[in-house]
Structures are given as C-alpha cells and as structure tokens.
Amino acid sequence: KAKRKPVIAGNWKMNMTPSKAEEAVKETVELTKGMDGCDIVLCVPFVDIRVAVRATKDTQVKIGAQNVHFEKNGAFTGEISADMLCECGVEYVIIGHSERRQYFGEIDATVNLRTKAALKAGLKVILCVGEILAERQANITAEIISMQTKLDLAGVEADELKNLIIAYEPVWAIGTGLTATPEQADKACGIIRNVICGLYGKEAAEAIIIQYGGSMNDANAAELLAKENVDGGLIGGASLVPAKFTEIVKAAQ
Ligand code: PEP
C-alpha cells in the first residue's frame with residue numbers, strides 16, 4: 001500500500017450539546033492515545049467548537065467544522081466564516097457533504113466557492129463527492145464523481161492541494177447501513193485519484209488523501225482501509241460512540 005498517512009475523521013452532524021461534546025471528545029482523546037499511525041479529526045457542530053478545541057489542546061485529536069461560508073464577512077445572517085473558524089482553533093472543515101447538497105441547496109458552484117475560501121484561510125478541507133443510488137444503477141458513477149471533483153476544484157491551485165482531502169461518499173451508503181464493498185470503494189477512490197492526476201499531475205495524485213465514507217464502522221473499517229486507494233474514512237454514526245470510533249482509528253494504524 002502507498003505510504004500516505006490515513007485520516008480518520010468523525011462527522012458528528014447535528015448531534016451533541018456542548019456538555020455531551022466535552023465528554024465524548026475527552027473520551028476519544030483518552031482512548032486513541034498513542035495511535036499516531038493516522039491523523040484523527042472530529043468535525044463537530046459550531047457551538048461545540050470551543051469546548052472541543054479546549055479538550056483536545058496538545059493532543060493527537062484535531063477539530064473540524066461541518067461547513068463554512070465563502071465570504072470573508074458581512075451581511076450573511078446565520079453564517080460562519082473561515083477566519084472565525086481559524087481563530088477558534090479549528091483545523092479542518094467538511095465541505096459539500098451530501099446532506100448539505102440534499103437538504104440545504106448546496107451545489108457544486110457553492111462547494112467550489114467554499115473550498116477556495118477555506119483553503120485560502122489555511123483550513124484543511126474535507127471535500128465530499130459521491131453518487132446517488134439512481135446514478136449508480138444507471139452506471140454513471142464514474143462520470144458523476146469525476147464531474148463533481150472537477151467542478152468543486154475549479155481554480156484551486158496546485159500548492160493548495162496539500163490541505164485538501166477528498167471523501168468519496170456514495171449517498172446511498174450514508175446513514176443507511178449499506179456500506180460500499182471494499183472493491184466499489186477502491187474503484188471510486190481510484191477514479192477520483194485519476195481526475196486529480198489529469199488536473200494536477202501524477203505526483204499530486206499519489207500524494208492526495210482520499211477517504212471512503214458511508215456506514216463505515218468498527219466491523220468493516222479494516223477491509224475498506226486495506227484497499228490501495230482508500231486513505232482513511234469519514235465516519236458519521238459510528239463517530240458518536242468513542243469506543244467504536246477508536247476501533248476504526250485502530251484499524252488505520
Ligand atoms: C457521513 O456523515 O459522512 C457518513 C459517512 O455517515 P455514516 O457513517 O453514518 O454513514
């Protein structure tokens with residue numbers, strides 16, 4: 001397997017009040033102590049950021065947000081800027097998650113704006129792409145994920161790629177208990193790597209971290225992570241239980 005350091009990231013979605021977050025973050029820090037074979041990230045709700053950053057200070061666990069606005073500041077009621085996240089000690093941000101695309105009007109054009117703004121601010125971006133079930137059944141998965149990757153990265157400079165992670169998340173696998181097979185995950189991540197090769201060259205393609213996400217858990221993580229093109233995971237449900245999340249981190253060592 002290529003020598004890329006995997007990234008295991010939890011996506012808490014809209015779960016955990018600050019008091020619960022503090023407990024879960026502290027437990028995750030304790031349980032994953034010494035597991036330095038992968039980078040460990042928890043992407044928490046905005047209101048949990050302060051307690052989460054405090055509880056992970058000088059530890060192996062990094063904190064991420066789940067969205068970011070693309071403007072620097074101004075009259076955008078309810079939005080959060082990249083500078084705000086940076087000043088709060090956030091290092092990562094998920095952009096283009098399928099739930100944002102499905103329920104909140106997110107499209108590739110706005111995913112692209114967010115990605116560029118976040119990278120410019122120095123955040124590490126976890127960019128999500130993935131096909132819906134009808135697209136897989138119509139045999140157009142490769143076209144869909146290639147198109148999303150190209151549109152979402154338009155105008156992103158080669159030297160910003162070191163802060164970019166792509167998460168391949170088939171929408172039919174998210175929160176459904178239906179995991180992609182290791183072969184399906186490997187193939188799709190390989191397609192995305194090829195797109196990066198076409199856009200930025202071979203070296204960039206070999207270096208970029210591409211995660212799988214979609215009902216990854218303590219039971220199936222090892223076989224997914226063993227695949228050549230799968231460099232980690234973006235984990236929803238299982239990241240809410242520190243012991244389960246830790247098993248996935250363990251599988252990535
Ligand atoms: C996700 O939210 O990115 C995700 C993969 O969720 P789950 O692990 O619950 O399918």
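**Close-up 1. Gly64 of strand S3 is the bridge partner of Cys43.** In this predicted model, strand S2 (residues 39–43) and S3 run side by side in the parallel sense, paired over 4 bridges. Strand S3 (residues 61–65) is largely enclosed by the rest of the structure, because 5 of its 5 residues are buried. Val61, Ile63 and Ala65 point one way from S3, while Lys62 and Gly64 point the other way, and all of these residues are buried.

**Close-up 2. Helix H5 covers residues 108–120.** Its 13 residues should span 18 Å at 1.5 Å a residue, and this agrees with the model, because the end C-alpha atoms of H5 are 18 Å apart. Among the buried residues of H5 are Val111, Arg114, Ala118 and Leu119, and the buried residues of this helix pack against helix H3 (82–87), strand S4 (92–95), strand S5 (124–129), helix H7 (141–152) and strand S6 (164–168). After H5 comes Gly122, which has a positive phi, near 95 degrees.

**Close-up 3. The largest nonpolar core has 74 residues.** The residues with the most contacts inside this core are Val93, Val125, Ile126, Tyr168, Ile192 and Ile248, and helix H8 (residues 182–200) gives the most to the core, with 6 residues. Leaving aside residues up to four places away in sequence, Val125 touches several residues, including Val93, Ile95, Thr115, Ala118, Leu119 and Leu164.

Definitions and conventions:
Residues numbered from 1 in each chain as written. Predicted model: local features only at pLDDT ≥ 70, side-chain atom pairs only at ≥ 80, totals over all residues. Helix = DSSP H or I, 4+ residues; strand = E, 2+ residues; numbered from the N terminus. Expected span 1.5 Å × (residues − 1). Buried ≥ 20, exposed ≤ 12 C-beta atoms within 10 Å, placed from the backbone. Contact = placed C-beta atoms within 7 Å. Core = buried A, V, L, I, M, F, W, Y, C linked by C-beta atoms within 7 Å. Pairing = 2+ DSSP bridges.
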